[in-house]
Amino acid sequence: MVRLAENKHHSENQPVVALPIPAKVYIPLIQHLGKICNPEVKVGDSVSLGQRIASIAANVYAPIHASISGKVIAIQDWPHPVLGRTKAIVIEGDNQDDQSGFMSRSQEEVDRLTAAELRQIVLDAGIVGMGGASFPTHIKLNPAKPVDTLIINGAECEPYLTADARLMVEDAKQIRLAIALVARCLAIKNVYIGIEKNKPEAVKIFSQFPEIKVKVLPSDYPQGGEKQLIKNILGKEVPRGKLPFDIGVLVQNVATIHAIYEAVYLGKPLIERIVTVTGSCLKNPGNLLVRVGTPIKELIDFCGPLKTPPAKIIIGGPMMGIAQYTQDVPIIKSSSGLLLMNEKEARILDEDPCIRCAACVRGCPVGLMPCQINLASERLLWDLTKEYGASDCIECGICNYVCPSNRRLLQTIKRAKLEVGK
C-alpha cells in the first residue's frame with residue numbers, strides 16, 4: 001500500500017450531471033471479459049432505447065444494448081479504449097429517448113425473485129464489473145462454492161476519480177435495495193461496505209443502514225483491489241491462484257450494485273454510467289452520466305473550455321488507466337473516469353538500470369518481485385515470468401511509482417501476462 005496525492009478536489013463536490021444525449025454513438029461489440037458479441041442488427045435497422053443489438057452463445061459474455069434510439073448507420077472497426085480497435089455498431093439518434101419499453105417491477109415482484117431469476121435479469125441487462133474488471137456479473141452471482149459474506153467495494157482508491165463517491169451520496173437508497181436483493185438471493189448474512197475515510201459523506205449515509213457493516217478504510221492505494229479489500233475488512237487472505245469465493249466471499253463494486261438495482265427494479269439494461277471527467281487541463285471538471293458509446297470528445301467539450309492542451313488523455317485513473325490515441329474513442333461499460341494531464345504531469349522520465357533496491361518488492365500489494373519479472377520479460381523468458389507469478393499481478397502500477405530508476409516494470413509484466421496466457 002502507498003499513499004498517493006488524491007487530487008479528488010477537482011470533482012468530489014460536483015453533483016452528477018447528465019451529459020446531453022449524443023447525436024451518434026459507437027458501441028463496441030466487446031465491453032466485457034469473454035467472447036466478442038455478434039451483431040443482431042444490420043445497417044439500416046431502426047433500434048429502440050435499450051434494445052439488445054449484439055450477443056453470442058458463450059459461457060463468458062454480456063450482451064450489448066442500444067444506448068440511444070435511432071438508426072444503425074454502420075458496423076465498422078472503431079477505436080476501443082482498451083483493445084485499440086474493434087468492431088462497433090454506429091447508431092444515429094432520433095432524439096426520441098423513449099424509456100417506456102423498460103418494464104419496472106414492484107417491491108412485491110422483486111421479493112419473489114429467486115437467485116436463478118436474478119442472474120437471468122442481470123445477464124439480460126448486460127451488467128459487468130464496473131470498477132474496471134468488466135467480468136460478467138451474472139457469473140459472479142453464481143459462485144462455484146457457497147459464500148457467506150458480501151463486500152461492497154466503495155473504496156475508489158484511484159486518484160482523481162470520484163464517480164463512485166457521488167453515486168454513494170446521491171443514490172444510497174437504491175444501492176441499499178440492490179444489496180439486500182443480492183444478499184437475500186444468495187443467502188448471505190454478513191454484508192460489509194468498504195469506504196475510504198476521504199469520503200465522510202458516504203460513510204455517514206451508509207452508517208445509518210443497520211444491516212450493512214461499514215468499514216472505514218485508510219486512503220491508501222490500492223485499497224480497492226479485491227484481495228486487498230478482503231484482507232483489510234475481514235483479515236482473511238485469498239491464497240495465490242484462488243478467488244474470493246474460495247474463502248466464502250463475494251465482492252461487488254458499488255456501481256455494479258447500482259446497475260443491478262436499475263435492471264431489477266426499473267427493467268433498464270446497462271446503457272449508461274457515471275464518469276468522472278477531470279484533470280488540471282479542464283476548466284469545469286465534474287461527474288457526468290454518460291451513454292455507452294459516446295465519444296470522449298463530447299465529454300471533454302462539455303467540461304471545457306481547456307485551460308491548457310492535454311498532453312495525455314487517460315480513460316480510468318492515473319495508476320491503472322489506459323492512455324488514448326484519439327478523442328473518437330467511446331465510453332464503455334467499465335469506463336469510470338476520463339483524465340486529461342498537462343505536459344508536466346505526463347512527462348516520460350528516462351529509464352535507468354535497476355539498482356536492486358527492492359522498493360518494488362516492498363510496495364507490491366500481492367507479494368511479487370516486479371524487478372525479477374521485468375528482467376525475465378525483457379529477456380523473453382516467459383516460463384520464468386510464470387514461475388515468478390506474473391499472472392498474479394493486479395496491474396496496480398505501484399512498482400512503476402516507487403521505482404527510483406523509472407523502470408517500465410508494469411509494462412513488461414503486462415507483456416509477460418499476455419505471453420504466459422497464450
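So, the largest cavity: its volume comes to about 110 Å³. A cavity here is a set of points on a 1 Å grid over the protein atoms alone, where a 1.4 Å probe fits but cannot get out. Grid points are joined across faces, edges and corners, and the volume is the space filled by probe spheres set on the points. Rolling a probe the size of a water molecule over the atoms shows where empty space is left.

Before I go on, some housekeeping. This is a predicted model, where local features need pLDDT of at least 70 and side-chain atom pairs count only at pLDDT 80 or more, while totals for chains, interfaces and linings use all residues. Residues are numbered from 1 along each chain as its sequence is written, and side-chain values use heavy atoms, with hydrogens and water left out.

Back to the holes. There are four cavities of 30 Å³ or more in the structure. What lines the largest one? It has 16 lining residues, and C364, P370, C393, C396 and C399 lie nearest its centre; to count as lining, a residue needs an atom within 4 Å of a point. Two or more lining residues come from each of α11 (370-378), α13 (398-402) and α14 (409-420). Helices here are DSSP runs of H or I with at least four residues, strands are runs of E with at least two, and both are numbered from the N terminus. By class, that lining is 14 nonpolar, one polar and one charged. For those classes, Ala, Val, Leu, Ile, Met, Phe, Trp, Tyr, Cys and Pro are nonpolar, Asp, Glu, Lys and Arg are charged, and the others, Gly among them, are polar.

The second largest cavity holds about 80 Å³ of space. Its lining has 13 residues, with C354, C357, C360, C371 and C403 nearest the centre. Ten of the lining residues are nonpolar, one is polar and two are charged.

Seven of the nine residues in α11 are buried, so the helix is mostly covered; buried means under 20% relative accessible area, exposed means over 50%, and partly exposed is in between, with a 1.4 Å probe and protein chains only. The buried ones are P370, C371, I373, N374, L375, A376 and S377. What do the buried residues of α11 pack against? The answer is α10 (359-363), α12 (382-387), α13 and α14, with contact meaning heavy atoms within 4.5 Å. After α11 comes L380, with a positive phi near 60 degrees.

Helix α2 (residues 115-124) can be read the same way. Its buried residues are A115, L118, I121, V122 and L123, and their cover includes α3 (137-140), α5 (172-185) and α8. Following α2 is G126, whose phi is positive, near 70 degrees.

Now the rings. The structure has three aromatic pairs. Why does Y26 with W78 count as stacked? Their ring centres are 4.2 Å apart and the planes are at 10 degrees, so that pair is stacked. The rule takes rings of Phe, Tyr and Trp (its six-membered ring) with centres within 6.5 Å; planes under 30 degrees apart are stacked, over 60 edge-to-face, and the rest tilted. This pair links distant parts of the chain, with Y26 in strand β2 (residues 24-28) and W78 in strand β7 (residues 70-80), 52 residues apart. Y26 is buried at 14% relative accessibility, and W78 is buried at 15%.

Another stacked pair is Y261 with Y265, centres 4.9 Å apart and planes at 25 degrees. Both lie in helix α8 (residues 254-266), four residues apart, about one turn of the helix. Y261 is buried at 14% and Y265 at 8%.

W78 also turns up among the contacts of T86, along with P28, I30, I36, Q76, D77 and H80, leaving out residues up to four places away in sequence. T86 sits in strand β8 (residues 84-93), buried with a relative accessible area of 10%.

Last stop, L282, in the loop between β13 (272-278) and β14 (286-291). Is L282 buried or exposed? Buried, at 2% relative accessibility. L282 and G304 are 22 residues apart in sequence, yet 5.6 Å apart in space, C-alpha to C-alpha. Beyond four places in sequence, L282 touches V277, I300, C303, G304, P305, L306, K307 and L340.

Note on methods
On a 1 Å grid over the protein atoms alone, a cavity is a set of points where a 1.4 Å probe fits but cannot get out, and a pocket is an open set with protein on both sides within 12 Å along at least five of seven lines; lining residues have an atom within 4 Å of a point.
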